[in-house]
Amino acid sequence: MSAPIRPLHLAVSIDRPGVRDAEPYVRAARLAERGRLDFVTLGDTLGPPRRGESRLDALAVLARVAPATERIGLVPTVTTTHTEPFHVSNAVSTLDWVSGGRAGWTVEVSGTEAAARHFGRRAAAPADELWHEAAAVADVAARLWDSWEDDAEIRDAATGRFVDRDKLHHVDFEGPGFSVRGPSIVPRPPQGRPVIAVDATRLLPRAAAARHADVAYVRTGPAPTPGAVRAARDDLHARLRSLGRDPGRIVVLASLPVALYAAADAVALADLAGSWWADGVVDGFHFRPEDPDRDLALLVDGTVPVLQHRGLLRSFYPGGTLREHLCLPRPANRYADRHATARRPA
């Protein structure tokens, strides 16, 4: 058994299909923040989750949650199918600004005929085409976030200059079925690039995760075993190495369904989390509660204290941004580096 280098990371879904009031989401995020979890996720689709139920826009809901919380990361699902990459980039960077650097984005695609009919722009496409497009959207979103250098805003009242135009950059990106010239209309986000997450359980999204993700989920069923999760993580790490990426720059979380009915269940979950993490199976866990109110309370007041008592989980937030929670560095701006090189005397 080798000791993990990273701290144990925890995240939780606060999905509530059919709920149209923001307050339950705020309460859940505050509770998760009290437990010092890294982030909450909120799922989304381009169609109703189940017949007869509605779902609010996940990114808009978490923008409402942002000012009601202080430290916890906010990671909505945003679908790249049928949506404009430029708008996706701006929406996620805006969430990063209004949350003070706590935004992420779970990349998802929509391959159903029903969703295609809702939009009426194109027919449903095969999964391989959709994930190829999703990877391109993640790529161009990151380029748009870099299209403003960090010090591009000058706000010089004496000269009337708001921005140094030499520090804005066109991205000139050609993707599958779209093109983006840029620059963004939103300044570079506080994190430089908000955290990109991908459910890497299946092979097609795993390929996109290898190229672009900061966080990868590996989903399990209700009776999880570490072997399949470890195999998926090892495969993902091998893909990163083949692309020249450092596996240490991605956080792999086992995404577990949880149903906690009593304190003993919360302790058993702590036993599983501590064991898997100590054995190096994953970097942490993304919990998917069966009952958000019942399970999240037992998770925060039962599982978390056990992990903290065992010295496996922090008791405070050492940083302010989601990247800092996840021990991920703030990315350098690709255009600033080229710009500085071009200005350097020969």
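A salt bridge is defined here as a side-chain nitrogen of Lys or Arg within 4 Å of a carboxyl oxygen of Asp or Glu. By this criterion, the structure holds 24 salt bridges. The structure is a predicted model, in which local features need pLDDT of at least 70 and side-chain atom pairs count only at pLDDT 80 or more, whereas totals for chains, interfaces and linings use all residues. Residues are numbered from 1 along each chain as its sequence is written, and side-chain values use heavy atoms, with hydrogens and water left out.

Helices (H or I, at least four residues) and strands (E, at least two) are DSSP runs, numbered from the N terminus. Eight strands form a closed barrel in the order 1-2-3-4-9-10-11-12, with parallel pairing; two strands pair if DSSP finds at least two bridges between them. Neighbouring strands of this sheet are turned by 25° against each other on average, direction ignored. T77 has T106 of strand 4 as its bridge partner.

Axes are lines fitted to C-alpha atoms, for helices over the stretch in contact, and angles run from 0 to 180 degrees between N-to-C directions. Helix 5 (residues 127-146) touches strand 4 and strand 9 (195-199), and its direction makes about 155° with that of strand 4. Helix 8 (residues 263-278) touches strand 11 (251-258) and strand 12 (284-289), with its direction at about 160° to that of strand 11.

Packing between helices was examined next. Angles under 35 degrees count as roughly parallel, over 145 as roughly antiparallel, 65 to 115 as roughly perpendicular and the rest as oblique. Helix 2 (residues 58-65) and helix 3 (residues 85-98) pack at an angle of about 15°, with their axes 10 Å apart, and are therefore roughly parallel to each other. Their contact is made by L59, L62 and A63 of helix 2 together with A91, V92 and L95 of helix 3. These residues comprise six nonpolar, no polar and no charged, where Ala, Val, Leu, Ile, Met, Phe, Trp, Tyr, Cys and Pro count as nonpolar, Asp, Glu, Lys and Arg as charged, and the others, Gly among them, as polar.

The axes of helix 1 and helix 9 (residues 292-309) come within 9 Å and cross at roughly 15°, which makes helix 1 roughly parallel to helix 9. In this contact, A28, L31, A32 and R34 of helix 1 meet L296, A297, V300 and D301 of helix 9; six of the residues are nonpolar, none polar and two charged. A salt bridge is also formed by R64 with E23, the closest N and O atoms being 3.1 Å apart. This pair links distant parts of the chain, with R64 in helix 2 and E23 in helix 1 (residues 23-34), 41 residues apart.

For helix 6 (residues 203-212) and helix 7 (residues 226-242), the axes come within 9 Å and cross at roughly 45°. The two helices, helix 6 and helix 7, are therefore oblique to each other. Their contact has seven nonpolar, no polar and three charged residues.

Two backbone features lie in loops. Most residues other than glycine have a negative phi, and most peptide bonds are trans. R36, although not a glycine, has a positive phi of about 65° and lies in the loop between helix 1 and strand 2 (39-42). The peptide bond from G182 to P183 is cis, with omega near 0°, and P183 lies in the loop between strand 8 (178-180) and strand 9.

Definitions and conventions
Contact = heavy atoms within 4.5 Å.
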